[in-house]
Structure formats: structure tokens, C-alpha cells
Amino acid sequence: MSFTPAERDFLGAQPIGRLSTIGPGGQPQIRPVGVHLGPDGTVDIVGHALAATQKWRNVIANPKVAFIVDEVTSVVPPRAQGIEVRGTARALPGEGSTDGGLSGDMIRLTPTRIVSWGIDGEGTRARKA
């Protein structure tokens with residue numbers, strides 16, 4: 001499953017998204033993360049101490065995740081756009097960048113469902129793998 005060109009452009013222009021993982025006891029945890037498009041329609045999450053975070057441990061214990069990037073450019077008239085991605089994630093130690101003090105660790109999200117709105121000049125669009 002891959003993003004449309006307009007969805008890729010939107011994601012590439014956004015600095016921050018929110019990653020939701022399943023924490024201990026089955027409770028959701030959501031954290032802001034940098035948005036990076038990976039190869040073959042993936043989303044890559046990197047950080048300065050990523051392998052030491054709860055989201056890293058959560059992904060190892062349960063790879064089901066959700067990720068959202070959205071922006072509201074106007075309330076009146078209403079103008080919002082965004083992308084929700086559901087899928088599976090893998091913790092990849094040492095496979096990311098170390099530029100700018102990043103740890104080199106990465107979480108790679110592979111979409112199984114993409115829902116977008118306000119992108120491609122359309123309403124809501126949902127796709128499953």
C-alpha cells in the first residue's frame with residue numbers, strides 16, 4: 001500500500017505527526033514524532049534516544065500502531081486536511097540516520113489502512129492493503 005503523490009507531498013511538508021502505540025496493560029499511548037517518509041510507502045520515526053523510549057518498547061511488545069498528521073488552515077470557512085495511517089511497526093536498531101545527534105534507531109511503520117481528507121481535492125478517502 002502506498003501514498004498518493006498528493007499525500008506524499010502533504011506528509012513531506014509536515015514536520016510533526018502523532019504516533020499511537022499500545023502500552024503495558026493494553027492502554028494506548030500517543031506521542032508527537034517527526035514525520036519522515038521511508039522507502040516503499042513506509043513512515044519512518046527517528047529520535048535522539050529512540051530505543052530508550054516507551055514507544056520503542058511498546059512497538060516491540062505489540063506492533064499495531066496508528067499515526068496521524070493533520071493541519072487546520074481555516075476554521076471559517078472550514079479547511080482541514082490530514083492522513084491517518086494504521087499498520088504495523090518494527091523497531092530497527094541502528095538502521096536510521098545519526099545526523100543532528102539522532103540515535104540511529106528507527107521505527108518503521110508499514111500501512112495496512114490509509115485514510116486521508118482534504119487532500120487530492122477530495123473529501124475523505126480510505127484504502128486498505
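**Overall size**

I started with how the radius of gyration compares with the globule rule. For 129 residues, a compact globule would come out near 14 Å, and this chain has 15 Å, so the two agree. I'm working from a predicted model here, so every value below is computed from it.

**Fold layout**

Next I went through the secondary structure and found two helices and seven strands. Which order do they follow along the sequence? I read α-β-β-β-α-β-β-β-β.

I also looked up how far apart in sequence the contacting residues are. Taking the contacts with a separation of 6 or more, 61% are between residues 24 or more positions apart.

**Surface and charge**

I noted that 39% of the 129 residues count as buried. The accessible surface comes to about 6,800 Å², and carbon and sulfur atoms make up 54% of that.

Then I checked the charged side chains: 14 are positive and 12 are negative. I also looked up the centres of these two sets, which lie 8 Å apart.

**Strand E6**

Ser116 sits in strand E6, which runs over residues 106–117. Is Ser116 buried or exposed? Its relative accessibility is 1%, and the cut-off for buried is under 20%, so Ser116 counts as buried. I then asked what the Ser116 side chain touches, and found a polar contact with the side chain of Glu7 at 2.7 Å.

Ile114 is in strand E6 too. Its relative accessibility is 0%, so Ile114 also goes down as buried. I looked up Ile114 against Gly17 as well: they are 97 residues apart in sequence, and their C-alpha atoms are 14 Å apart in space.

Last stop was a loop. Pro77 is found between strand E4 (64–74) and strand E5 (79–92). Which kind of peptide bond joins Val76 and Pro77? I found a cis bond, with omega at about -5 degrees. I wrote that one down because most peptide bonds are trans.

Key. Residues numbered from 1 in each chain as written. Predicted model: local features only at pLDDT ≥ 70, side-chain atom pairs only at ≥ 80, totals over all residues. Heavy atoms only, no water. Helix = DSSP H or I, 4+ residues; strand = E, 2+ residues; numbered from the N terminus. Buried < 20%, exposed > 50% of the residue type's maximum accessible area, 1.4 Å probe, protein only. Polar contact = N/O pair within 3.5 Å; in protein donor to acceptor, adjacent residues only side chain to side chain. Rg over C-alpha atoms; globule rule 2.2 N^0.38 Å. Contact = heavy atoms within 4.5 Å. Areas by Shrake-Rupley, 256 points an atom, 1.4 Å probe, with all protein chains shown as cover. Lys, Arg positive; Asp, Glu negative; His and termini not counted. Charge placed at Lys NZ, Arg CZ, Asp CG, Glu CD.
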